[in-house]
Amino acid sequence: MIPGKDATVEKNDSQKEKYGSFSLFDIEHFLRKILKNWYWFVFMLLIGYVISWVYSKYYAQNVYASNLSLSISNNTASYFTPNQSINLIWGQGGNHDGVYLKKMLLSRSHNEYLVKELDLFVNYTTKGVVKSTYLDKNDSPVFLQIDKEHLQQINYPITLIPKSNNTYEIVLPDEGKSTSLYNFQSEGFQNIANYEKPANKIIRVGEWYTTPNLKFRLIQNPVKPKIALDKVIVTLVSVNQAVNNIVSTINVEFDKEINTIMIITKKGYNLNGTVNFLNKSVAELQKKRFADKNIVNKNTDAYLQGSINGIRKKLDSSASILNYLKISEKLYDIKDRDEKSLQKIKDLETRKADFLSKLNSLNNIKNTLQTQNLDRMISTSAAGFEDGLFTATVTELKALYLKRRELATIYTPNSEPMKEINRLIDDARLASSNSLRNYYSGYYDEINKIDREIAEANFNLDSYPEKERKYLDAERGYNMIEATYNSLLNRQNDAQMKLATNQSDITVIDPAKNLGQAPIAPNVKGTKLAIMGGLLLLPLLFILIGTLLDNKIRNIKELLSATRIPLLGVIGNNNNENMLTVLEHPKSSVSEAFRGIRANMRFLSNENGKSKVILVTSSIGGEGKTYVSINLASVLGLSDKRTVLLGMDLRKPKIFGDFKIDNKYGISNYLTGEVSIDQIINKTKIPNLDVATSGPIPPNPSELLMSERNIEFIQKLKEKYDFIIIDSPPVGLVADSYELMKHSDANIYVVRHEYTEKYMLKMVTEKYHNDEIEHLGLVYNDYNTKQGYGYGYGYGYGYGYGYGYFDEDKNYKEPLLIRIRNKVQTIFNKK
């Protein structure tokens, strides 16, 4: 028995609100649509593979990385090459020298020097049919040397094509010439007058090529490259651009176990270029560090020598005074001397003299810091300390002074770049002064402490006579000056020793080498997967959007779940030219489906033995209500039931064409009183089936259908026929059918597969569950079995093709997946 409304329990309002509401997303339909469109996924997968292959072959630029490791020694004494010395008095510590070196390697001044020294503002590439390849300078057969006094156009590709006899053709691009040219001396741009594009020209190696926007010559590479190139493309860039490009590709890290070991990594499009740059960069850094150390050590030696000369005079004067007291006052020996106290005072004053000497050196460093001539700076070791962070800030300050001198040639004093560089100088100078302040504080604290201890020791000497105290004061003064002199000599000896034995404090452990390293980027495999995956997502996205926007009925199970209206049967796809399927193809599956509907109709009404009025309607036109009406009437007529088919869709008459009946007179004529019933009843080739067509389209179809004459017309037909099939207007467009349903015994609502909109069922579902419509059943029309929607409700359809049961089976061909499955089952069954 078909479950209906009467078989369910009473529903509350919240349950009724859910009726007619479909889910937003049909996962089953979505998955089946994916399977149906499998060929798009295969196609996009192939397209993705081709694109990724072309990308990796012709467009992907490999990025290489080379490494260099070095060790930083801790025997440096240079102000500009700090080490890791720790001043235990004030707790200074950390890898200051490593931080300084890292900052130096990444500094603009160091890399700008390399750019200018190695001409790294000249970039070399070559190009095949599609892909460009970056070259190291030594991979090119010739080097391009520019005239820095001539204005040059940057970012302008210059193509060098080898010719015979050591000549090259210079080819410039047709577009891109500029009147804003770069000055490599001032590192700024200048405008020139407009000019014609230079023509292509062949020049010899060593010959100057001069145009308004370029001037250069070619220098033969002394080492013949391993690969012969059809052409070399040279592009000039600004110094600033070259420096920024280099700094962005350098990474400096410290070894996790030994923080004095640095690992420097350089990335680039050419492995040889990264190797050569790293080795050259560290070599230049070693030279600069060594030169800086010598300058500072020489300054320190000269400063200490001057201090020694000055203190020697004081020492000679003090010795003279002491000798005078010994001779004139005859104080060769003082009886009952407190040697213990005197020795303590001597030691304290020796320490005090050492701190005072260091304080003088610190004053020299501070005074030098206030000037711009930092090349006269002495070593911090002369002041008794070594602080890597302090020296790093002074190095930065020195670089900023140099940069300010360069900017002063380009900008005015009140320009923004000059204001910014002055602000940076003030910040660096303040940072350096703040670092010195800590040492000043420490030295003064130590001196004050010594003074207090000397005062305590002097208390024991107050008992000496004035004459003897005078001699002791002179002796203490001499000892203090002598201690200062000895301290300066010791520091001078250290400075001279470091100057004599000076060597680079940077030792290369592993130089950068070309070992055939694989590129570190791009991730070609990942890119391929991303491209193919992205293209695979396109059809998936289109299907998903289509599914979300699709509001058509496609799922029988969802239809029944949403409407809770009984299903009378499922009609398959009609491939015939007309709608008389039951008459012309009685053995087809569609005809059998209509027989199933005929059998299930008895569940809609229990009034047996009486004539039944069956109304067929749908949401809109085109859903197959006329087709269902004709074939349902045909099935009833063939079962020896007196049946009449009424075409009451007065706005759009159809039935007459299929039965080849003249529509000159029909129901519209009868309802207006023009003709009698007998004049509109037409016989068909089925003895028990009569047809009343709609007739001419009237101006007032609704009034005619809802008139008393139409009700009487139906009642008269009930006296003569067992079944009256009414092909009524669609309820989604007009309300005529709802009025006719009041006089029908059963109502059939036709839903067409992939045609009926879901929202159209809302009204009829609500009316059904609100008891405004009774005896209502659904017919699912135009269902396509090839789509693979299984249906197992057993309502007169669902036998399927391929079993020799229907006429369609003679042309039926099993799907490929089914054939494969059956083949596999056959193989396993044999075993």
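**View 1. Two spans that the unreviewed UniProt entry lists as "transmembrane region": residues 38-56 and 529-549.** Such annotations may be inferred rather than shown by experiment; positions follow the numbering used here, and feature names are shortened. This is a predicted model: local features need pLDDT of at least 70, side-chain atom pairs count only at pLDDT 80 or more, and totals for chains, interfaces and linings use all residues. Residues are numbered from 1 along each chain as its sequence is written, and side-chain values use heavy atoms, with hydrogens and water left out. Residues 38-56 are 100% helix and 0% strand. Their end C-alpha atoms lie 27 Å apart. For residues 529-549, also 100% helix and 0% strand, that distance is 30 Å. Helices (H or I, at least four residues) and strands (E, at least two) are DSSP runs, numbered from the N terminus.

**View 2. A nonpolar surface patch of about 820 Å².** Its members are Trp-38, Tyr-39, Trp-40, Val-42, Phe-43, Leu-46, Ile-47 and Ile-51. Patch residues have over 30% relative accessible area and no salt bridge; nonpolar side chains (Val, Leu, Ile, Met, Phe, Trp, Tyr) are joined within 5 Å, like charges within 9 Å. A salt bridge puts a Lys or Arg side-chain nitrogen within 4 Å of an Asp or Glu carboxyl oxygen. Areas are Shrake-Rupley values with a 1.4 Å probe; for residues, only the protein chains shown count as cover. Ile-47 sits in helix H3 (residues 38-59).

**View 3. An open sheet of 6 strands with antiparallel pairing.** The order is E3-E2-E12-E5-E6-E9. Strands E3 (132-135) and E9 (201-204) form the edges, each pairing on one side only. Pairing takes at least two DSSP bridges between two strands.

**View 4. Antiparallel strands E5 (residues 158-162) and E6 (residues 167-171).** They pair over 4 bridges. Ile-161 stands opposite Glu-169 in E6.
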